[in-house]
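Please keep the viewer open and follow along as you read.

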Amino acid sequence: MVAIADSVPKPVSRFRFILDRRDVLGALFVAPAILYVLLLVGVPFLMAVYYSLSAYTIYDPSWSFVGLSNFADILEDPTFQRTLWNTFIFTFGSQLLGLVLGKFGALLLLRPFPGRKLVRAVIILPWAVPVALATVAWQWMFDSLYSVINWTMIALGLIDRANAPNWLGNPDLAMLSIIVVNGWRFFPFAIVIFLAGITAVPQDVIDAATVDGAGFWRRNYQIILPMILPIMTIGLVFGIVFTFTDLSIVFLMTNGGPVGATSVLGFAGFQTGIVSGDVSHGAAISLFMLPVLLVIVVVMLRFIRRREI
Amino acid sequence: MAAVVTRDIVKKFGEVPAVNGISMTVPDGEFMVLLGPSGCGKTTYLRIICGLEQQTSGDLLIGGNVVNELPPRARGVAMMFQSYGLYPHYSVRNNIAFPLKTQRVPREEIAKKVEWASQLLGIKRLLERKPRELSGGERQRVALARALVREPTALLLDEPLSNLDAKLRASARLEIKAFQQRVGLTTIYVTHDQVEAMGMGDRIAVIDGGRVRQVGTPTEIYDDPADRFVATFVGTPPMNILDQNGGAIGFRPENFLPKDMMDDQNFAEFSFRVDRSEYLGSERIVYGVVEGFDQKQIVTAKLPPAHVDEASIRPGEWHPFAVRNAAMRYFDKDGNRTSRH
């Protein structure tokens with residue numbers, strides 16, 4: 001044998017295949033997301049904690065530690081108590097409305113009918129339309145003079161012009177109005193969740209229930225609903241978190257009024273902290289959502305874990 | 001009395017008929033098997049009987065009453081599904097009790113009947129478990145208990161063994177059959193597996209293309225198939241069919257034997273070229289072609305290995321083979337049985 005040529009060993013850089021390593025490449029890909037969360041969520045959150053424990057206002061931007069006194073202040077404030085209550089009413093009212101509409105919408109959309117695909121696409125609109133746009137449209141519908149809802153009811157002879165409800169002027173009706181708008185915004189999401197859940201229930205199980213003698217209601221409430229409860233709860237957790245922290249509908253439609261009847265935590269925090277400049281109390285109001293939501297979310301997640309099927 | 005009677009049942013999905021005029025009578029206590037290839041309409045037919053599908057036309061009688069318009073729950077039949085359809089969020093006890101609860105049966109009565117059904121199927125120790133904690137065989141028993149607890153006029157089973165592994169399937173087959181005989185329950189059993197059909201059915205209805213091709217006892221179906229479809233669908237390997245004079249002759253592989261195994265003169269002789277042979281322990285399957293017929297038509301012979309001389313089936317050579325006249329079957333040009341042609 002004659003050696004043709006000696007192969008010259010080429011020095012291989014230690015970093016040449018560095019991107020082939022899972023741990024390196026993974027870290028590289030995840031880094032932007034982590035950075036994003038740290039900078040845009042973590043830092044503001046820590047700042048909010050800092051503000052809520054200080055006496056910081058825009059007139060006196062000084063760091064003086066006051067402990068939990070800001071929290072004590074707001075807890076004693078009847079306006080805050082009302083706001084907290086409003087937030088619960090608003091959140092659970094609109095979620096309930098959204099769930100009911102979502103359930104029925106999903107049942108309707110499960111049946112084949114001509115144009116179903118189009119309806120399925122269009123029904124997503126309330127969710128997809130920018131909140132400002134949608135709220136302005138609703139504001140007109142609830143307007144004291146030009147309300148389409150009132151006009152329709154008058155035309156149908158259900159009410160007379162003199163007693164037409166002042167939707168956004170009456171405290172209870174104003175709360176009902178923002179619940180309706182938020183429920184309307186939430187229900188397409190609920191439909192999607194329900195559709196996904198119901199489609200995942202095996203046909204054999206539904207057929208078995210039918211042959212076993214279950215009618216429409218029993219099938220829906222004793223078989224299908226318990227089976228989709230876990231995914232429904234996840235959807236509800238999302239809905240509650242988003243609604244509980246939301247201020248856009250209140251801000252755009254009622255401005256918290258009349259006389260604070262529709263003020264919610266997000267809105268109150270914004271009013272106190274940003275508009276009035278009392279940053280420390282505003283931060284305390286906003287941070288108050290954290291333990292409340294934490295309890296709600298933990299309870300709900302524990303609930304579905306126990307229901308795991 | 002007939003438990004289930006159907007008269008000319010037709011079911012169309014759009015323009016396509018899935019069931020194309022099935023008339024059948026299932027007497028009380030009979031184990032009737034609907035056998036056919038997938039997509040033949042047998043499951044659709046079963047779903048029509050229990051009311052999950054509505055027939056396009058035809059009459060359905062259960063226990064002597066016309067039930068065309070009745071919803072499933074009023075028909076008095078129970079159905080067991082391919083994947084059992086157990087309610088995953090209920091315990092076994094509540095699964096079995098469910099059909100009684102929908103009938104508003106009093107609580108003590110429910111407890112008694114659940115007890116009875118679970119005793120019958122030997123699943124008493126499983127009552128507090130959830131379906132996901134059960135094995136395949138146990139799930140099947142629970143499904144069966146749930147179907148039985150209402151004491152239905154007829155029990156409908158849709159391929160109940162297809163989710164079990166081969167070993168479990170064999171024992172479940174015996175168990176279901178023994179159970180059905182003990183309870184004396186009218187049963188309609190859908191399957192595409194001929195072993196299940198032959199082994200379990202009092203009678204078998206062979207279905208193809210939405211029509212019943214033949215109804216008969218397993219012996220009748222096997223020995224006297226009504227047409228070419230039944231002849232070739234039942235039996236492994238299927239009946240050999242050779243085209244002849246516009247019609248066809250048919251004979252079972254186990255009746256196609258070396259000529260020297262014939263002990264009298266009542267047989268037809270064929271010259272058989274053996275191409276390949278498979279030794280399967282209890283039997284030997286020999287593949288080849290027969291002289292004078294289509295050379296693309298593969299003919300099989302199923303031979304008892306102990307009684308066959310290796311020399312008489314050596315591959316690549318022509319051998320004298322024969323079929324007893326009594327074992328010959330004849331088909332006309334439309335594929336239907338004729339006595340002779």
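Let us begin with a pair of neighbouring strands: strand E9 (residues 203-208) of chain B and E10(B) run antiparallel and share five bridges. Within this pair, B:Asp208 has B:Arg211 in E10(B) as its bridge partner. Strands count as paired if DSSP finds at least two bridges between them. The element names come from DSSP runs, with helices (H or I) of at least four residues and strands (E) of at least two, numbered from the N terminus.

Before going further, a word on the model: it is predicted, so local features need pLDDT of at least 70 and side-chain atom pairs count only at pLDDT 80 or more, while totals for chains, interfaces and linings use all residues. Residues are numbered from 1 along each chain as its sequence is written, and chains are lettered from A and ligands numbered from 1 in the order in which they are written.

**The sheets of chain B**

E9 and E10 belong to an open sheet of six strands in chain B, ordered E6-E7-E8-E3-E9-E10, and its pairing is mixed. At its edges stand E6 and strand E10 (211-216) of chain B, each pairing on one side only. From one strand to the next, the twist averages 20 degrees.

Chain B also has an open sheet of five strands, in the order E13-E17-E14-E15-E16, with antiparallel pairing. Strand E13 (257-258) and strand E16 (299-303) of chain B are the edges and have a single partner strand each, so one side of each is left without a neighbour in the sheet. As a reminder, strands of a sheet pair through backbone hydrogen bonds, either parallel or antiparallel.

Inside this sheet, strand E14 (residues 267-279) and strand E15 (residues 284-290) of chain B pair in the antiparallel sense over seven bridges. Their hairpin has four residues between the strands, and B:Gly281 there takes a positive phi near 90 degrees. E15(B) also pairs with E16(B), again antiparallel, over five bridges. Here are some residues that face each other across these strands.

| Residue | Opposite residue | Strand of the opposite residue |
|---|---|---|
| B:Glu278 | B:Ile285 | E15(B) |
| B:Arg284 | B:Leu303 | E16(B) |

**A helix pair in chain B**

How do H2(B) and H4(B) cross? The axes of helix H2 (residues 92-102) and helix H4 (residues 136-148) of chain B come within 7 Å and cross at roughly 30 degrees. That makes H2(B) roughly parallel to H4(B). Axes are lines fitted to C-alpha atoms, for helices over the stretch in contact, and angles run from 0 to 180 degrees between N-to-C directions. Angles under 35 degrees count as roughly parallel, over 145 as roughly antiparallel, 65 to 115 as roughly perpendicular and the rest as oblique.

The crossing of H2(B) and H4(B) is right-handed, a label used if the near helix is turned clockwise from the far one by less than a right angle. On the H2(B) side, the contact is made by B:Val92, B:Asn95, B:Ile96, B:Phe98 and B:Pro99, and on the H4(B) side by B:Val142, B:Ala145 and B:Arg146. Residues are in contact if their C-beta atoms, placed from the backbone, lie within 7 Å. By class, this contact has six nonpolar residues, one polar and one charged. Ala, Val, Leu, Ile, Met, Phe, Trp, Tyr, Cys and Pro count as nonpolar, Asp, Glu, Lys and Arg as charged, and the others, Gly among them, as polar.

**Chain A**

Chain A has 13 helices and zero strands. Its C-alpha atoms fill a box of roughly 110 × 70 × 40 Å along the principal axes. The radius of gyration of chain A is 27 Å, whereas a compact globule of 309 residues would have one near 19 Å. That radius is taken over C-alpha atoms, and the globule rule is 2.2 Å times the number of residues to the power 0.38.

Helix H8 (residues 171-200) and helix H10 (residues 216-244) of chain A pack at about 150 degrees, with axes 9 Å apart. They are therefore roughly antiparallel to each other, and H8(A) passes H10(A) in a right-handed crossing. Among the residues that meet are A:Phe186 and A:Phe189 in H8(A) and A:Ile228 and A:Gly235 in H10(A). The contact of H8(A) with H10(A) has ten nonpolar, five polar and no charged residues.

**Where the chains meet**

The contact takes 18 residues from chain B and 15 residues from chain A. On the chain B side, strand E6 (77-80) and H2 are the elements that give two or more residues, and H2(B) gives the most, with three residues. The side of chain B that touches chain A divides into ten nonpolar, six polar and two charged residues.

Terms used. Contact = placed C-beta atoms within 7 Å.
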